[in-house]
Amino acid sequence: MTERIGLYPGSFDPITNGHTDIIRRSLKVVDKLIVGIAVNMNKSGFFNPEERLQIVEEDIKSIGLADKIEVHSFEGLLMHYATNVGASIIIRGLRAVSDFEYEFQMTGMNARLKPDIETVFLMSSENQHFISSQLVKEIFKFKGDISSFVSANVLKNMKKKLSDN
Ligand code: PNS
C-alpha cells in the first residue's frame, strides 16, 4: 500500500499546544506528516522562519513523534508545495465557528487549484479550542502567563527573544 502523506501548513508563530494536539492526532489519518511552515516575505513575525522551524522540530522531538514527522518551511503556494512533497491530504485544525469562513474559502480555492488533494479538518480538542498564536503573543507582550498554551521550550525561546531585542 502506498504511504499516505499529509501536510499540515501554518505560520506556527509560535507553535501552540493546540497545534501539537492536531499534529499528534493527524497521525491517525496519515502515515507520514510534513509540517509546513509558511514563509510570508511581507509579514514579519515574532520568530523568523528559521527560528520557527527549529522550535517546531524541538517540540515534535520532545513528544516522541520525530520518526513520522518532517518539518520544513515553504514559500509560495501551498498547493504547489503539497504537490512537490507528494502530499495527498492537507490537515487543518478547526477551533471555532469563526475559523470556518476563512478555512472554507481557502479549501475551496485550493481544491480548484488541485482537485486531487483533499483538505481534512480536525476539530481542536475541547481543552485547546480557544488557543491562538496571535493571542499567545499578545498575552506574552503584556506579561501574562502563557505556560498553559505553549510548551516550556516555546516559552523559553520567547523569553530569550525578548531579552535579545
Ligand atoms: O496558521 P495560518 O496562518 O492560519 O496558516 C495559513 C496558511 C499558511 C495555511 C495559508 O496562508 C497558506 O496556505 N499560505 C500559502 C500561500 C497560499 O497558498 N495562498 C493561497 C491560499 S488559497
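Trainee: How many aromatic pairs does a search of the whole structure find?
Mentor: It turns up 6 aromatic pairs, and keep in mind that this is a predicted model.

Trainee: What makes the pair of phenylalanine 74 and tyrosine 81 stacked?
Mentor: Their planes are 5° apart, and planes under 30 degrees apart count as stacked. The rings of phenylalanine 74 and tyrosine 81 sit 4.8 Å centre to centre, and centres within 6.5 Å make a pair. Both residues, phenylalanine 74 and tyrosine 81, are buried.

Trainee: Why is the pair of phenylalanine 100 and phenylalanine 104 called stacked?
Mentor: The angle between the planes is 25°, and the cut-off is under 30 degrees, so stacked it is. The centres of phenylalanine 100 and phenylalanine 104 are 5.4 Å apart. In helix α4 the two are 4 residues apart, so about one helical turn separates them.

Trainee: Why does phenylalanine 104 count as exposed?
Mentor: Because its relative accessibility is 57%, and exposed means over 50%.

Trainee: And why is phenylalanine 100 partly exposed?
Mentor: Phenylalanine 100 has 46% relative accessibility. Buried would need under 20% and exposed over 50%, so 46% counts as partly exposed.

Trainee: Which element gives the most to the lining of the largest pocket?
Mentor: That's α4, with 8 residues. The pocket has a volume of about 1200 Å³, and 41 residues line it, with Arg92 and Tyr102 among the closest to its centre.

Trainee: How do you know that β4 and β5 pair?
Mentor: At least two bridges are needed, and β4 and β5 share 6, in the parallel sense. One of them joins isoleucine 90 to threonine 119 in β5.

Key: Residues numbered from 1 in each chain as written. Predicted model: local features only at pLDDT ≥ 70, side-chain atom pairs only at ≥ 80, totals over all residues. Heavy atoms only, no water. 1 Å grid on protein atoms, 1.4 Å probe; cavity = no way out; pocket = protein on both sides within 12 Å on 5 of 7 lines; lining within 4 Å. Points joined across faces, edges and corners; volume = space filled by probe spheres on them. Phe/Tyr/Trp six-rings, centres within 6.5 Å; stacked < 30°, edge-to-face > 60°. Buried < 20%, exposed > 50% of the residue type's maximum accessible area, 1.4 Å probe, protein only.
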